[in-house]
Amino acid sequence: MDILGTSLRVCVADLDAAIAVYERLTGAQAMRFERGNVSVAAVGCFFLMSGPAAEMEILKKVTATLAVRDVDAAVSDLKAVGAQIIAGPLPTPIGRNLVARHPDGSVFEYVDRNPQPTA
């Protein structure tokens with residue numbers, strides 16, 4: 001699997017205030033979207049997330065988001081090393097994603113760079 005990059009996940013209470021900070025730090029403009037009840041802003045290499053406490057507790061367990069060329073290839077490679085696919089693959093505004101638990105217990109989100117319609 002080709003890992004193209006990594007995004008850091010930051011859970012915040014005030015998304016608008018956090019966006020201003022991270023836009024200033026990175027020089028990038030936020031791309032905002034909703035994922036269920038969670039509001040997300042992609043700013044440079046950061047995913048800022050804000051939402052209900054119960055959902056945020058789950059999101060805090062994911063170490064990082066890894067960009068890959070193809071989520072389907074990632075599934076195959078992850079299964080080959082004994083990882084457990086927890087969720088997905090599912091379409092998102094920025095590409096398909098999945099969440100996997102590695103054999104060591106670490107949890108990562110994988111997202112591909114091929115946006116799919118989310119109809």
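Modeller: pLDDT is the predictor's confidence in each residue, on a scale from 0 to 100. This is a predicted model, and the mean pLDDT of its chain is 89.

Biologist: What share of the residues reach a pLDDT of 70 or more?

Modeller: That share is 95%. Where pLDDT is low, the predicted coordinates should not be read in detail. Among the elements of the chain, helix 1 (residues 15–26) has the highest mean pLDDT, 96, and strand 2 (residues 31–35) has the lowest, 88.

Biologist: How do you know that strand 1 pairs with strand 5?

Modeller: Pairing needs at least two bridges between the strands. Strand 1 (residues 3–11) and strand 5 (residues 65–68) are joined by four bridges, so they count as paired. They run antiparallel, and I3 has V68 as its bridge partner in strand 5.

Biologist: Why is R9 called buried?

Modeller: Buried means a relative accessible area under 20%. R9, which belongs to strand 1, has 16%, so it is buried.

Biologist: What makes the pairing of R9 and E109 a polar contact?

Modeller: The N or O atoms must lie within 3.5 Å, one able to donate a hydrogen and the other to accept it. The side chains of R9 and E109 are joined at 2.8 Å, which is within that limit, so the term applies. A second polar contact, of 3.0 Å, joins the side chains of R9 and T65. Leaving out residues up to four places away in sequence, R9 also touches others, including F47, M49 and L59.

Biologist: Why is the link between D2 and R69 called a salt bridge?

Modeller: A side-chain nitrogen of Lys or Arg must come within 4 Å of a carboxyl oxygen of Asp or Glu. For D2 and R69 the closest N and O atoms are 3.0 Å apart, so the pair qualifies. It links distant parts of the chain, 67 residues apart: D2 sits in the segment before strand 1 and R69 in the loop between strand 5 and helix 3.

Biologist: What does the salt bridge of R96 and D72 tie together?

Modeller: Their closest N and O atoms are 3.1 Å apart. R96 lies in strand 7 and D72 in helix 3, so the pair ties together parts 24 residues apart in sequence. R96 is buried, at 16%, whereas D72 is partly exposed, at 43%. The whole structure has seven salt bridges.

Biologist: Which residues make up the largest nonpolar core?

Modeller: There are twelve, among them A64, L66, V75, L78, L98 and Y110. A core residue has to be buried, nonpolar and joined to others through side-chain atoms within 4.5 Å. Helix 3 gives the largest share, four residues. L78 is in contact with residues including A83, L98, A100 and Y110.

Note on methods
Residues are numbered from 1 along each chain as its sequence is written. This is a predicted model: local features need pLDDT of at least 70, side-chain atom pairs count only at pLDDT 80 or more; totals for chains, interfaces and linings use all residues. Side-chain values use heavy atoms; hydrogens and water are left out. Helices (H or I, at least four residues) and strands (E, at least two) are DSSP runs, numbered from the N terminus. Buried means under 20% relative accessible area, exposed over 50%, partly exposed in between (1.4 Å probe, protein chains only). Contact means heavy atoms within 4.5 Å.
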